[in-house]
Amino acid sequence: MSVTISRRTALIGLAAAAVDPFAFARTQKDKPVGWAILGLGGYATNQIMPAFAAAQNSKLVALISGHPEKLTRFGAKYGIPESHRYTYDSMDAIASNPDIDVVYIITPPATHPEFTLRVAKLGKHVCSEKPMAPTPADCQKMIDACKKAGKLLQIGYRSHYEAHNLRAIQACRSGELGKIQSIRSDHGFNIGPGQWRTQKALAGGGSMMDIGIYSLNALRYLSGEEPIEVSATITNPPNDSRFVDCEDTVDFTLKFPSGLIGHGTSGYSWNPGKNRYEVVGSKSKLVAELATGYYGNHLTVDGKDLPVVENNQWAAQMDHFSDRIRHGGKVKTSGQEGLRDIRIIHAIYESARLGKPVRV
Ligand code: NDP
């Protein structure tokens, strides 16, 4: 299907170019950006793939999976022709598929670096899910590989594109709340046993990498500052098989250059879970709960609802990257953004291990 459309588009463009030399370039710039999804797991199939229906300039054109059965099932569901379905073994052929502009990597974190290096080398832009990678060195490799290939890199921090979070950032920056005096963010849930998320080799860590990263990232985007020092404590419940290889509860503080202290938590054994942040300013207090959910985010200021028109955060995230691919400009949640979080998470681990504050 996409091949037919792209040939037709090319023919229309060439015909137009006969009368207007800039017309072909214009049709290419206006063409939706073609996305391939790599890794057809829960997040890809339940959130990302359905979101293309709400996207303006991003189009799902290809699938990459380790399971041929998934390629058949989701290929049929989304109208992806067999020529645009790949396994990890056959995916090098994407290099010669002009319909694919970007590959969205939605696999366990430890696999992000290898897939990113591979995709960049194949000449495609990369969007990688969070957490970017297990270590700062891995993140740097991903940044360097995309730079070397002349390709853009986006990290899937959907909250940066979500309407409530954007409104909360505006409230923090505009002075609406007064001077920010205290800020905290809590994210945790109760994880089931036997998942890759509790295996350090695939997840890079435990709750902090997977869900605590929302607390950390929110403290950074709400304050608009980068921490200079962290202090952290980690506790694991005894005799719980889920936490032999990864951390459960993390309690951390971030010291910002202005003197502001950010307080964050993360947990994998919390039932019920928590998804919340709170900013206390000299004039008003903002509370978000849910703060970074898929749906149902809600803001109050001094106890009163702050109305926000919902948006499709996944479509907004993909459309932003598509726009940067077509028209240039800075990627909002770049590799540098992903790297900053991973550096701080490692400082959090180090502080908990040493039992003292660590400079970032
Ligand atoms: P799943 O386990 O549901 O899916 C992961 C998929 O990755 C698998 O189905 C598989 O796809 C592929 N894969 C490739 N290599 C491996 C491997 N070695 N082990 C296991 N799976 C592999 O995970 P999620 O979809 O929940 O998470 C994937 C990524 O998305 C993670 O980085 C996670 O942190 C992130 N995520 C982000 C969210 C957000 O809100 N931004 C929410 C949820 C997840 P296949 O069978 O097709 O090969």
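Guide: Let us start with helix H3 (42-51) and helix H9 (207-223), each of which supplies at least two residues of the shell around the ligand; helices here are DSSP runs of H or I with at least four residues, numbered from the N terminus. Please keep in mind that this is a predicted model, where local features need pLDDT of at least 70, side-chain atom pairs count only at pLDDT 80 or more, and totals for chains, interfaces and linings use all residues. Residues are numbered from 1 along each chain as its sequence is written, and side-chain values use heavy atoms, leaving out hydrogens and water.

The shell also draws at least three residues from each of domain 1 (2-158) and domain 2 (162-309 + 334-359), with bounds from an automatic or database domain assignment. Of the 26 residues around the ligand, those that come nearest are Ser-65, His-67, Lys-70, Tyr-88 and Arg-158; a residue is near if one of its heavy atoms lies within 4 Å of the molecule.

Now for the polar contacts, which are pairs of N or O atoms within 3.5 Å. A side-chain N or O atom of Ser-65 is 2.6 Å from an oxygen atom of the ligand. For Trp-196, the distance from a side-chain N or O atom to a ligand oxygen is 2.8 Å, and for a polar side-chain atom of His-112 it is 3.4 Å. The protein covers 81% of the 900 Å² of accessible area that the ligand has on its own, by the Shrake-Rupley method with a 1.4 Å probe.

Methods: A polar contact is a pair of N or O atoms within 3.5 Å; within protein, one must be able to donate a hydrogen and the other to accept it, and residues adjacent in sequence count only if both atoms are side-chain atoms.
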